Amino acid sequence: MRKIKKKTTTKSIKPVKKIKSKPKKKQELKISVGAAVLTPGSSIKHKTGDWRSMYPDWDKKKCTQCMACWMYCPDDSIPVKNKKRIETDLDFCKGCGICAKECIFGAIEMKKEKK
Ligand code: SF4
Ligand code: SF4
């Protein structure tokens, strides 16, 4: 004799448990709307060199201290000490390459970042 299977009713199906998700905490807004700089003179606090893909490699021996690179650097990343340029401040240099273009003595070569 054939056995007749019992029909499954909706009552026998266990309802799926609803997972209660916790409400997300509001994230603290760390930057201003539109990334506007609201405090004057605050650019020194924001190190902008971390997204650089190239960096200027300065050859001290070829440098004549003409200061062209210092004059053209749009980010003021070439510090001067005792009227002479010193090593590039890579915390702020964006790797634009302007200094390398302006140095007629070939003392600056743009190199790829290793990161
Ligand atoms: S432009 Fe070249 S030679 Fe002149 S200060 Fe800069 S690195 Fe030195
Ligand atoms: S690469 Fe651009 S930002 Fe960096 S030191 Fe040269 S001119 Fe300044």
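Biologist: Quick one to start: does Asp-91 count as buried or exposed?
Modeller: Asp-91 counts as exposed, because it has 12 C-beta neighbours inside 10 Å. The cut-offs: 20 or more other C-beta atoms within 10 Å of a residue's own makes it buried, 12 or fewer makes it exposed, and in between is partly exposed, with C-beta atoms placed from the backbone. Bear in mind that this is a predicted model, where local features need pLDDT of at least 70 and side-chain atom pairs count only at pLDDT 80 or more, while totals for chains, interfaces and linings use all residues. On numbering, residues count from 1 along each chain as its sequence is written, and chains are lettered from A and ligands numbered from 1 in the order in which they are written.

Biologist: OK, and where is Asp-91, and what does it touch?
Modeller: Asp-91 is in the loop between strand 3 and helix 2. Not counting residues up to four places away in sequence, it touches Lys-47 and Gly-49, where contact means C-beta atoms, placed from the backbone, within 7 Å.

Biologist: What about Glu-87, which loop holds it?
Modeller: Glu-87 lies in the loop between strand 3 (84-85) and helix 2 (98-102). Glu-87 is exposed, because it has 11 other C-beta atoms within 10 Å. C-alpha to C-alpha, Glu-87 and Asp-57 are 9.1 Å apart in space and 30 residues apart in sequence.

Biologist: Zooming out, how many helices and strands are in the protein?
Modeller: The protein has two helices and four strands, in the order β-α-β-β-α-β from the N terminus. Helices (H or I, at least four residues) and strands (E, at least two) are DSSP runs, numbered from the N terminus.

Biologist: And what share of the residues is buried?
Modeller: Buried residues make up 11% of the 115 residues. As for contacts with a separation of 6 or more, 69% are between residues 24 or more positions apart.

Biologist: Which residues form the largest nonpolar core?
Modeller: The largest nonpolar core has seven residues: Cys-69, Cys-73, Ile-78, Cys-99, Cys-103, Ala-107 and Ile-108. A core here is a set of buried Ala, Val, Leu, Ile, Met, Phe, Trp, Tyr and Cys residues joined through C-beta atoms within 7 Å. Leaving out residues up to four places away in sequence, Cys-69 touches Ile-78, Arg-85, Cys-99, Glu-102, Cys-103 and Ile-108.

Biologist: Now the ligands. Which residues come nearest to ligand 1?
Modeller: Of the 14 residues around ligand 1, the nearest are Cys-63, Cys-66, Cys-69, Cys-103 and Ala-107. A residue is near a molecule or strand if its C-beta atom, placed from the backbone, lies within 6 Å of it. By class, the shell around ligand 1 has ten nonpolar, two polar and two charged residues. In that scheme Ala, Val, Leu, Ile, Met, Phe, Trp, Tyr, Cys and Pro count as nonpolar, Asp, Glu, Lys and Arg as charged, and the others, Gly among them, as polar.

Biologist: And how many residues surround ligand 2?
Modeller: Ligand 2 is surrounded by 13 residues, and the closest are Cys-73, Cys-93, Cys-96, Ile-98 and Cys-99. The shell around ligand 2 divides into seven nonpolar, four polar and two charged.

Biologist: What is the phi of Asn-82?
Modeller: Asn-82 also has a positive phi of about 50 degrees, and it is not a glycine.

Biologist: Last one: what does Asp-75 touch?
Modeller: Leaving aside neighbours within four places in sequence, Asp-75 is in contact with Phe-92, Cys-93 and Lys-94. Asp-75 lies in the loop between helix 1 and strand 2, and with 17 C-beta neighbours inside 10 Å it counts as partly exposed.

Key
Contact = placed C-beta atoms within 7 Å.
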